[in-house]
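Please consult the sequence and the coordinates while reading.

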Amino acid sequence: MSNIFIGWGGNEKLAQKLEKKFKDNGHNIVMGGGAPNQMFVGNQIIEQMKSCDKAILLVENYKGSGFSTNLMYEWGYLVGYRRMKRIHAFLIDKPKSDLPSDLDGVWAEELTRKKMGADDEEKSDDDLAEEVYNLFVNNLNKELPVNYFKIIDDWQYISRDLESDKDCYNSTEFTEYIVIGCLAAYYYNDNQRFRDSLDKIASRGRTGEIVSFAKIYVDVFLKSGDMSCALSANEFMAEQSIKRILNRRKETVSFIEGGGEQPSVLDDIIDILCYDILGLINLLYLKDTGLDAHRTVNCKNNALDYFNKTIQLIDKLDARFKDSNDCLIYLLRSYIYNDLAHLYRDVVGDEEEYAKNLEKSVENRFILWDNFKREFPTNVYMSDKLQQEYFIALSEQCLAAGDGASMSYVAAQYKKWKDEAKRKQKTEYTNRLLARIKENLDKQGQFVEE
């Protein structure tokens, strides 16, 4: 069960009433402050906040002059330590417009001590505690949108914390970082380090299963040289492990739905990545030229089924996000349509479906890059990577369509990147992307001076 921190400033009696209300209903509560058990009370408060994964802040005028400075300190610490969605602020006779700009967008409810229809009467602390309790419990059943692409944007910092201070995250946050890390590590050329970190994590239950899944996911890219070579028969056996994870997840989801709850967005993302990696395992196994005809047909059909299932799940997730996470949706679509395109061309031999799915991949990669620039303008590194991936897909599309004019545009951009590479060191990941663009330029006879 969650531990809930209650922060207060000048309204201790209300906090005590709320603490009793929560405890009477079986919740674990940590009341801010209390009798000092350390030399410095500040350290005691920090330990109290760190022991909790949710927080309630009772924000009210303090001694008739604005906010309590101690409460604002606690609020600031919590914002830096926990996600906004885990901090529930209740503004008592204070409008949201009074909040500092740094707290804009927090989960805050406006309350009043005045009784409705009686301006000269105030609610008792018991009544107000009841109101806060009910609002908090109702809010817990609401799902706030999480910008999962922000994890990719912040991956360099998050990956460091996962290695050095993983205890600073609760189990849900930790699971989110592991799952999205499967995508983020690829962009930052961090697969091997991420894989090594996963080996150091000793987790059981749901978190342990997610860690096992992440190991398989990253291994597929490491052992195939980022999908450039075939997987061996032993590596293909990872398919069975993913299927077992999916089957156990279906049992869990059925249990959740039977209780009238909706599986989390993270559950949907895990399903997408499970089916996606199953499709990739079959696609990469097909690169083995020694496969017999029966195994080739089975892998082809499996890959088609898995990729189509992935597309269905992405469409379902898109409807659930309601435009709150466009970057992640475009990322997922750009990859799945690219994988499906190559399956149709290299295995099925259907050029029409190849062109159709490649076009969708190009379109989504451009929108992803364009949206990312606007949403995360300071992350030039990731912006460059997304632009380069778009140009890879565009060069492949130009090559397939015989579009020399558009390929000249690709060639000009490629030359710009190579000139930049001479002035400053580029990552291995960037060099691989540029090599793939150059390969398509060469195939169409677009000669670019190195």
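His342 lies in helix α14, where helices (H or I, at least four residues) and strands (E, at least two) are DSSP runs numbered from the N terminus. The model is predicted, so local features need pLDDT of at least 70 and side-chain atom pairs count only at pLDDT 80 or more, while totals for chains, interfaces and linings use all residues. Residues are numbered from 1 along each chain as its sequence is written, and side-chain values use heavy atoms, with hydrogens and water left out.

With a relative accessible area of 17%, His342 is buried; buried means under 20% relative accessible area, exposed over 50% and partly exposed in between, for a 1.4 Å probe and protein chains only. Not counting residues up to four places away in sequence, His342 touches Val347, Tyr354 and Glu396, contact meaning heavy atoms within 4.5 Å. With Glu396, the side chain of His342 also makes a side-chain polar contact of 2.7 Å. A polar contact is a pair of N or O atoms within 3.5 Å; within protein, one must be able to donate a hydrogen and the other to accept it, and residues adjacent in sequence count only if both atoms are side-chain atoms.

A salt bridge is a side-chain nitrogen of Lys or Arg within 4 Å of a carboxyl oxygen of Asp or Glu. Because Glu396 lies in helix α16 (residues 380–401) and Arg345 in helix α14 (residues 326–348), the pair ties together parts that are 51 residues apart in sequence. Glu396 is buried at 9% relative accessibility, whereas Arg345, at 31%, is partly exposed. Elsewhere, salt bridges that share partners join Arg195, Asp199, Lys215 and Asp219 into one network.

The largest share of the lining, 10 residues, comes from α14.

Across the whole structure, a search finds 23 salt bridges. One of them joins the side chains of Lys21 and Glu130 (2.7 Å, N to O). This pair links distant parts of the chain, with Lys21 in helix α1 (residues 12–24) and Glu130 in helix α4 (residues 125–140), 109 residues apart. Both are partly exposed, Lys21 with a relative accessible area of 23% and Glu130 with 32%.

Helix α4 also contains Asp125, which is partly exposed at 22% relative accessibility. Leaving aside neighbours within four places in sequence, Asp125 is in contact with Lys13, Leu14, Lys17 and Arg113. The C-alpha atoms of Asp125 and Arg113 are separated by 8.7 Å, and the two residues are 12 residues apart along the chain.
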